[in-house]
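Here is a short tour of helix packing and nonpolar cores, with the cut-offs given as we go. Have the viewer open and follow along.

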Amino acid sequence: MLGATLAIGLIALLFGLPPLAALIIGATLALSSTAVVVGLIAERHQQNCPVGMTATAILIFQDVAAIFLLIVAGALGTGEAILPAIGFALVKAAMALGIAILLARIVVRRLFDLVGRGRNEEVFTAMALLVSLAAAWATGTIGLSLTLGAFLAGMIISETPYRAIIQSEIKPFRGLLLGFFFISVGFSLDFALLLRLWPVIVGVTFILVMVKIATNTAASLAFRWSAPGSIQLGFLLAQGSEFAFVIFSLPQVRLLVGSQRIAILIAAVALSLAFTPTLAQAGRSLAGQIRLHMSSAIDSELQPQDLWAPVMIAGMGRIGRTLADALTEFGISYVAIERDDQRLRESVADGYSAVFGNLADPKIWETVGLSNRQISVLTAPSLAVYRELSIHADTLFPNLKKVAVVRDEQEAQQFRALGVFAVIDRSTPRGLDVAAFVLEMLEIDGEKISEWMHREQERALATDRTLAI
């Protein structure tokens, strides 16, 4: 945040903006989009890899920083000296936060307890909306932003034990209102100005993205991250934030920066958001190529320590990643094999130990050291293919325990008839049931396995909670 703020602020100064305006622009554009990036992380199953967890932590910090920026920006147009005005606004915000915490523990929780006795899910939705609107109205009444009130409402609701059901109930509203938010941003754009100044907008977007990639990557390297991880994180957080639309729409900020400049900045942020999936994929592919080159895995050669890993994972989709996370958590080495080149590069970029290949090809069995494994896990098995290979595999590797992840009981019985341990995975997030089964086979204590599963479920819930707030 500090690196991006200083770099973008300095560029704004070079373009002739006054210091205060440059600082506001730098700090606002240093923010990244929680709504877009967290959804992208979940979609690409990166919640448990270092890049995904770090990006989520940074985004949560930025959300808090954005609330501070809203308070500061709202104090600019009071007509008072800037520092006393900001100080007074921060005092009011601190009081609002304290009141929100008290209300969460004393009033709101009891209201939800009362609603819970009726077991009417629609009333939960209505109560959540009421809390959000009431908090926004309260902060607006005392001169703070409505957005701060909505943020405090999210904190209030997250403190109740009913947050899971509320999240599930308000999910359709969340997507709908987020859509309306971006539509309102589109309507606020001056299209005549955009058509006239589109080269400027493209240039500003390019500068924004390049500066954020550079500062994010440099900050990650400064904290001793690897080059592939730093590059991936830099690309993932290179866009502007939806909070920029709120901050730049404030009359005080428009007056300070200028309406035409604000229109250009809003358009640039919108364009950066549109390119976020492409940027994230580019960063991930680049990181994967660098990591593959560094580890010589591009030739599908295993490292010496991989040759003795007790577990072989075939397929690095969601289930394979969850199993790999479980094994890593308990200090058990593994190696994964993936036949899809793109998925392989993504897995390697995210820090998983994987090589290219198809376990359905017997010629690769010796290369990947299947004779040294205790357990092989087929995350997306083909019954027809396994039938053809089962006798040959049993003859070569009589001590290898084979686990297959299946869709239903009928398929499970067919695999069991072939001497395979079949697991139907019904867990959320996917892969927990398979991971627990494999950990039990490796004689890990059942209580520790249960604790790990609970932590993973809480982590998945926390990701949903971040999106909900």
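## Helices α4 and α11

In this predicted model, helix α4 (residues 50-74) packs against helix α11 (residues 227-236) at an angle of about 45 degrees, and their axes are 10 Å apart. Helices are DSSP runs of H or I with at least four residues, strands are E runs of at least two, and both are numbered from the N terminus. Axes are lines fitted to C-alpha atoms, for helices over the stretch in contact, and angles run from 0 to 180 degrees between N-to-C directions. The angle makes α4 oblique to α11; under 35 degrees would count as roughly parallel, over 145 as roughly antiparallel, and 65 to 115 as roughly perpendicular, with the rest oblique. The crossing of α4 and α11 is right-handed, that is, the near helix is turned clockwise from the far one by less than a right angle.

On the α4 side, Val 51, Thr 54, Ala 55 and Ile 58 meet Gly 229, Gln 232, Leu 233 and Leu 236 of α11, where contact means heavy atoms within 4.5 Å. By class, this contact has five nonpolar, three polar and no charged residues. Ala, Val, Leu, Ile, Met, Phe, Trp, Tyr, Cys and Pro count as nonpolar, Asp, Glu, Lys and Arg as charged, and the others, Gly among them, as polar.

## Helices α10 and α14

Helix α10 (residues 198-222) and helix α14 (residues 259-274) cross at roughly 60 degrees, and their axes come within 9 Å. The two are therefore oblique to each other, and α10 passes α14 in a right-handed crossing. Residues in this contact include Val 204 and Leu 208 of α10 and Leu 265 and Leu 271 of α14. The contact of α10 with α14 divides into ten nonpolar, two polar and no charged residues.

## Nonpolar cores

The largest nonpolar core has 62 residues, and Ile 25, Leu 29, Phe 248 and Val 253 have the most contacts inside it. Such a core is a set of buried Ala, Val, Leu, Ile, Met, Phe, Trp, Tyr and Cys residues joined through side-chain atoms within 4.5 Å; buried means under 20% relative accessible area (1.4 Å probe, protein chains only). Leaving aside neighbours within four places in sequence, Ile 25 touches Ile 8, Leu 17, Phe 248, Val 257 and Leu 265. Apart from this core lies another, of 43 residues, among them Leu 40, Leu 237, Val 438 and Met 441.

## The whole protein

The protein has 21 helices and six strands, and 49% of its 469 residues are buried.

## Notes on the model

Residues are numbered from 1 along each chain as its sequence is written, and side-chain values use heavy atoms, leaving out hydrogens and water. Local features need pLDDT of at least 70 and side-chain atom pairs count only at pLDDT 80 or more, while totals for chains, interfaces and linings use all residues.

Notes
Buried means under 20% relative accessible area, exposed over 50%, partly exposed in between (1.4 Å probe, protein chains only).
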